[in-house]
Amino acid sequence: MKQLENNVIFESSSATSTANRIQVVFKREMPQTTSTSPTLQESISASASTELQNLFDELEGLIGLQEAKKTIYEIYALLKINKERERQNLKTEKQVFHMVFKGNPGTGKTTVARIFGKILREMGILSKGHLTEVERADLVGEFIGHTAQKTRDLVKKAMGGILFIDEAYSLARGGEKDFGKEAVDCLTKALEDSNKDFICIIAGYTDEMDSFLELNPGLPSRFPIHINFADYTVDELLEIANLMAKNKDFELTRGAVEKIRRSIMGIITDPFQMNFSNARYIRNCIEKAIRVQAIRLLRNNEFRREDLMKLKPEDFSL
């Protein structure tokens, strides 16, 4: 006799058996197939060109930077949907893509700006996608009228691509009589006049950039996209260290990784440490370790392939 209850089968033996037994058999339910939703990157890449997919992969290859990645996917999705709205005779609004990158040094702002340029070119927003990187000295002149001319020339040079102004807040540090204010005024006008085939990205520390945007009433509305570049976590910095070493055909030993970890922990927990340089710190550590390793190998006459590749704890003077 069989009885089914709550997915358990109770099966009793026949009367002719030598002993009456009850067998309990657990009935395995068939697994239910659940369709997992595609990631944001997968959804975007499904409709992107091969070249654009490659650029998205390049961006995804960067460690961290989730807010920057999400923003560029949003821009791509917006362009695709706006084209569909136009096809169906629906209204679309004019988009402005000038951006503010806020964060500490070494958090990938310049690297992301360079990749953004290539992606935006492939999207058709920019015709060239090149990056023109400038700072205060490139914009501010030495006499009246000189600053405006320099600023206009740099905007012209950046046409078709991105004008990237690093530490943009430094333009506001000279006071009312400083020519930095003239550069800001000229830039504000250029953003309005050259809104097509030109994107300006201003970058710097978070608090300083917030104060800078208050310098000119017309600035905030001209930079609608703000991206925060968070400091890297310890694990992310170690991942960056391993990646940097690998890209140079080096390997970090376990001891070397632990030494870097202790150094990072000491820095980020130091209450007197200001403006930790994030990935720049890691890059400097790796480059210095390579020089120290070269001396060690020469002294010890060690030229095997594995010797040439391994960076050991003693190579890091942290």
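**Notes on surface charge and nonpolar patches**

1. In this predicted model, K70 counts as partly exposed, at 45% relative accessibility. K70 forms a salt bridge with E74, with the closest N and O atoms 2.5 Å apart, and E74 is likewise partly exposed, its relative accessible area being 41%. Both residues belong to helix 3 (residues 66-87), where they lie 4 residues apart, about one turn of the helix.

2. A second pair is that of D185 and K181, a salt bridge in which the closest N and O atoms are 3.5 Å apart. About one helical turn separates D185 and K181, because they are 4 residues apart in helix 7 (residues 180-193). D185 is partly exposed at 34% relative accessible area, and K181 counts as partly exposed at 28%.

3. E306 and R304 also meet through their side chains in a salt bridge (3.9 Å, N to O); here R304 is exposed, with a relative accessible area of 52%, whereas E306 is partly exposed at 44%.

4. Over the whole structure, the search finds 14 salt bridges, and a network of salt bridges links D235, E258 and R261.

5. L298, F303 and L308 make a nonpolar surface patch of about 320 Å². F303 sits in the loop between helix 12 (279-300) and helix 13 (305-309), and its relative accessible area of 48% makes F303 partly exposed.

Technical notes. Residues are numbered from 1 along each chain as its sequence is written. This is a predicted model: local features need pLDDT of at least 70, side-chain atom pairs count only at pLDDT 80 or more; totals for chains, interfaces and linings use all residues. Side-chain values use heavy atoms; hydrogens and water are left out. Patches are made of residues with over 30% relative accessible area and no salt bridge: like charges are joined within 9 Å, nonpolar side chains (Val, Leu, Ile, Met, Phe, Trp, Tyr) within 5 Å. Accessible areas come from the Shrake-Rupley method with a 1.4 Å probe; for residues, only the protein chains shown count as cover. A salt bridge is a side-chain nitrogen of Lys or Arg within 4 Å of a carboxyl oxygen of Asp or Glu. Helices (H or I, at least four residues) and strands (E, at least two) are DSSP runs, numbered from the N terminus. Buried means under 20% relative accessible area, exposed over 50%, partly exposed in between (1.4 Å probe, protein chains only).
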